[in-house]
Amino acid sequence: MAVLAPLIALVYSVPRLSRWLARPYYLLSALLSAAFLLVRKLPPLCSSLPTQREDGNPCDFDWREVEILMFLSAIVMMKNRRSMFLMTCKPPLYMGPEYIKYFNDKTIDEELERDRRVTWIVEFFANWSNDCQSFAPIYADLSLKYNCTGLNFGKVDVGRYTDVSTRYKVSTSPLTKQLPTLILFQGGKEVMRRPQIDKKGRAVSWTFSEENVIREFNLNELYQRAKKLSKAGDHIPEGQPVAPTTTEVPEGESKKDK
């Protein structure tokens with residue numbers, strides 16, 4: 001299984017790898033890595049190399065080289081979790097029912113500006129984040145329960161659309177605690193987000209459970225108000241947002257349509 005998992009992950013990532021290898025930087029790095037292995041392991045190229053191994057075999061890694069390679073591998077995985085698909089399979093993506101609109105770097109702003117009367121709850125996520133994948137079925141279930149004409153749910157992959165993460169100030173660092181991030185938009189503007197960001201720019205610890213989302217974002221009241229407005233003929237008056245239990249207005253505008 002230890003061998004099978006990386007092989008499956010590698011096959012799954014072949015299309016992405018091919019795009020990376022088409023760039024000169026990545027191609028040169030791959031060639032240099034392969035050249036090191038050839039020179040270090042292939043006789044007669046390795047026969048004249050110095051070695052610190054007790055058996056005197058110059059065509060095998062000594063303890064110093066093994067330590068260096070393990071240290072570099074750990075640094076790479078810490079700096080970029082997305083590289084870990086080379087060693088482990090990612091958790092399966094959620095494939096169940098949902099009422100969620102998926103956005104890209106262009107449609108997210110277009111949808112927010114299209115109808116400012118619609119309230120949006122948007123998840124900023126990345127496929128490589130285990131926390132995002134764990135939250136996916138919870139968010140999908142919330143969309144099935146609360147989605148209606150005046151209250152919509154959206155998602156945008158900030159791991160793929162990095163300019164969106166910059167625009168809405170959602171960190172995509174491999175060590176970030178901001179994924180996933182939920183933002184409530186009313187009137188096309190951000191009203192609140194979870195997790196909150198403190199004055200030092202760090203995410204305040206918050207549990208992404210269904211109960212917490214319902215309570216913090218006041219979903220029951222938002223849903224009842226949106227239903228009443230839709231029954232009245234979809235005439236949703238502007239400028240009358242429902243305040244969530246905790247109000248804060250960081251910068252950022254986004255709007256999402258189902």
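**Entry 1: helix α5**

Helices here are DSSP runs of H or I, at least four residues, and strands are runs of E, at least two, numbered from the N terminus. The model is predicted: local features need pLDDT of at least 70, side-chain atom pairs count only at pLDDT 80 or more, and totals for chains, interfaces and linings use all residues. Residues are numbered from 1 along each chain as its sequence is written, and side-chain values use heavy atoms, leaving out hydrogens and water.

Which residues of α5 are buried? I noted Ile-108, Glu-111 and Leu-112, in a helix that spans residues 107–114. They line one face, because they fall within an arc of 100° seen down the axis of α5. The arc is taken from the directions from the helix axis to the C-beta atoms. I then looked up their packing partners: β1, β2, β3, α7 and β4. Contact means heavy atoms within 4.5 Å.

**Entry 2: the cores**

A nonpolar core is a set of buried Ala, Val, Leu, Ile, Met, Phe, Trp, Tyr and Cys residues joined through side-chain atoms within 4.5 Å. The largest has 22 residues, and Leu-219 is among those with the most contacts inside it. Beyond four places in sequence, Leu-219 contacts Ile-121, Leu-142, Tyr-146, Val-213 and Ile-214. Another core lies apart from it, with 20 residues, including Leu-112 and Val-156.

**Entry 3: Val-39**

I found Val-39 in helix α3. Val-39 is partly exposed, at 39%.

Definitions and conventions: Buried < 20%, exposed > 50% of the residue type's maximum accessible area, 1.4 Å probe, protein only.
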